[in-house]
Amino acid sequence: MLETERLILRRWRFGDREAWAAMNADPQVMRHYERPLTAAESNAGIDRLERHIDDHGFGEYAVERRADGVFLGMVGLATLDAPIPLAPGVEVGWRLARHAWGQGYATEAARAAMDDGFARIGLDRIVTFTARPNLPSQAVMARLGMTRRPDLDFDHPALPPGHVLRPHLVWSQDRP
Ligand SMILES: CC(C)(COP(=O)(O)OP(=O)(O)OC[C@H]1O[C@@H](n2cnc3c(N)ncnc32)[C@H](O)[C@@H]1OP(=O)(O)O)[C@@H](O)C(=O)NCCC(=O)NCCS
């Protein structure tokens with residue numbers, strides 16, 4: 001579990017499932033993904049996220065607001081094993097429910113996850129990437145002070161040529 005001034009990043013609970021599925025079913029939240037997720041896909045996702053934490057000792061955590069315990073979304077680190085040019089490696093990622101946007105939560109949570117990645121886990125480098133049109137996500141990367149890496153940009157192999165979400169932009173940060 002990680003704590004910041006306003007947030008707790010923790011393992012997933014059964015009680016997160018409804019809010020998690022609602023977030024993943026929101027077309028606005030998912031506008032830079034292929035499509036929103038069904039409840040079954042969201043539930044399977046939690047199982048995968050929990051397995052990752054069991055296997056690696058870190059992962060993408062549930063984020064809750066300390067003041068009232070409200071579920072805000074998901075932020076954390078994930079190993080890259082998808083068939084993309086950056087793998088193997090560790091990425092930092094974020095997805096928040098719409099009511100949690102515009103308050104600095106993604107940046108605050110990601111900073112805590114990255115600090116943990118460098119200090120406790122001993123990572124040498126953390127990367128992150130997003131589809132070219134995802135400007136809010138790129139703004140988080142900039143706020144985190146990560147380095148833009150055009151040399152590592154890639155086309156996502158899961159998407160067909162010409163798809164607007166296929167070109168991906170990469171940022172990285174080395175251990176301080
Ligand atoms: C990407 C995403 C997490 C970014 O959320 P966000 O709210 O824009 O980013 P932050 O949480 O860092 O908040 C920053 C904003 O909060 C504002 N803010 C308000 N109070 C703040 C505070 N106390 N501290 C810091 N920032 C604060 C900042 O000024 C900034 O506003 P701006 O965007 O108008 O400049 C969100 O858009 C999202 O969940 N998108 C859908 C999922 C997604 O695309 N994930 C990424 C896939 S690669």
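## Helices, strands and aromatic pairs in a predicted model

In helix α2, the buried residues are S42, G45, I46, L49, E50, H52 and I53. Viewed down the axis of α2, these buried residues fall within an arc of 155°, so they line one face of the helix.

### Helix α2 and its surroundings

Helix α2 covers residues 39-56, and its 18 residues reach 26 Å from the first C-alpha to the last, close to the 26 Å expected at 1.5 Å a residue. The partners against which the buried residues of α2 pack are α1 (17-24), β3 (60-65) and β4 (71-79). After the helix comes G57, a residue with a positive phi, near 80°.

Once its neighbours within four places in sequence are left aside, H52 is in contact with G57, F58, G59, L77, A78 and T79. G57 in this list is the residue with the positive phi that follows α2.

### Strand β4 and its two partners

Strand β4, against which buried residues of α2 pack, is mostly covered, with 8 of its 9 residues buried. Strands β3 and β4 pair in the antiparallel sense over 5 bridges, and within this pairing V63 has G73 in β4 as its bridge partner. The hairpin of β3 and β4 has 5 residues between the strands, and in this hairpin G69 takes a positive phi near 75°.

Strand β4 is also joined to strand β5 (residues 90-96) by 7 bridges, and these two strands run antiparallel. Here A78, which is among the contacts of H52, stands opposite E91 in β5. The loop between β4 and β5 contains P88, and the peptide bond from A87 to P88 is cis, with omega near 0°. As background to these backbone angles, most residues other than glycine have a negative phi, and most peptide bonds are trans.

| Strand pair | Bridges | Sense |
|---|---|---|
| β3 and β4 | 5 bridges | antiparallel |
| β4 and β5 | 7 bridges | antiparallel |
| β6 and β9 | 7 bridges | antiparallel |

### Strand β6 and residue W171

Strand β6 (residues 125-131) is mostly covered, since 6 of its 7 residues are buried. Its partner β9 (residues 167-174) runs antiparallel to β6 and is joined to it by 7 bridges. Within this pairing, W171 in β9 is the bridge partner of T128. The ring of W171 has a further neighbour, as the charged end of R148 sits over this ring, 4.9 Å from its centre.

### Aromatic pairs

How many aromatic pairs does the model hold? The count comes to 3 aromatic pairs. W12 and F71 form one that is tilted, with 5.9 Å centre to centre and 55° between the planes. This pair links distant parts of the chain, 59 residues apart, with W12 in the loop between β2 (7-10) and α1 and F71 in strand β4. Both W12 and F71 are buried, and together with W20 they form one aromatic cluster.

The rings of F129 and F154 have centres 5.3 Å apart and planes at 70°, so this pair is edge-to-face. The pair again links distant parts of the chain, with F129 in strand β6 and F154 in strand β8 (residues 154-155), 25 residues apart. Both F129 and F154 are buried.

### Helix α3

Helix α3 (residues 105-119) has 15 residues, which at 1.5 Å a residue should span 21 Å, and its end C-alpha atoms are 21 Å apart, which agrees. Because 12 of the 15 residues of α3 are buried, this helix is largely enclosed by the rest of the structure.

How values were computed. Residues numbered from 1 in each chain as written. Predicted model: local features only at pLDDT ≥ 70, side-chain atom pairs only at ≥ 80, totals over all residues. Heavy atoms only, no water. Helix = DSSP H or I, 4+ residues; strand = E, 2+ residues; numbered from the N terminus. Expected span 1.5 Å × (residues − 1). Buried < 20%, exposed > 50% of the residue type's maximum accessible area, 1.4 Å probe, protein only. Arc of directions from axis to C-beta. Contact = heavy atoms within 4.5 Å. Pairing = 2+ DSSP bridges. Phe/Tyr/Trp six-rings, centres within 6.5 Å; stacked < 30°, edge-to-face > 60°. Lys NZ or Arg CZ within 6 Å of the ring centre and 35° of its normal.
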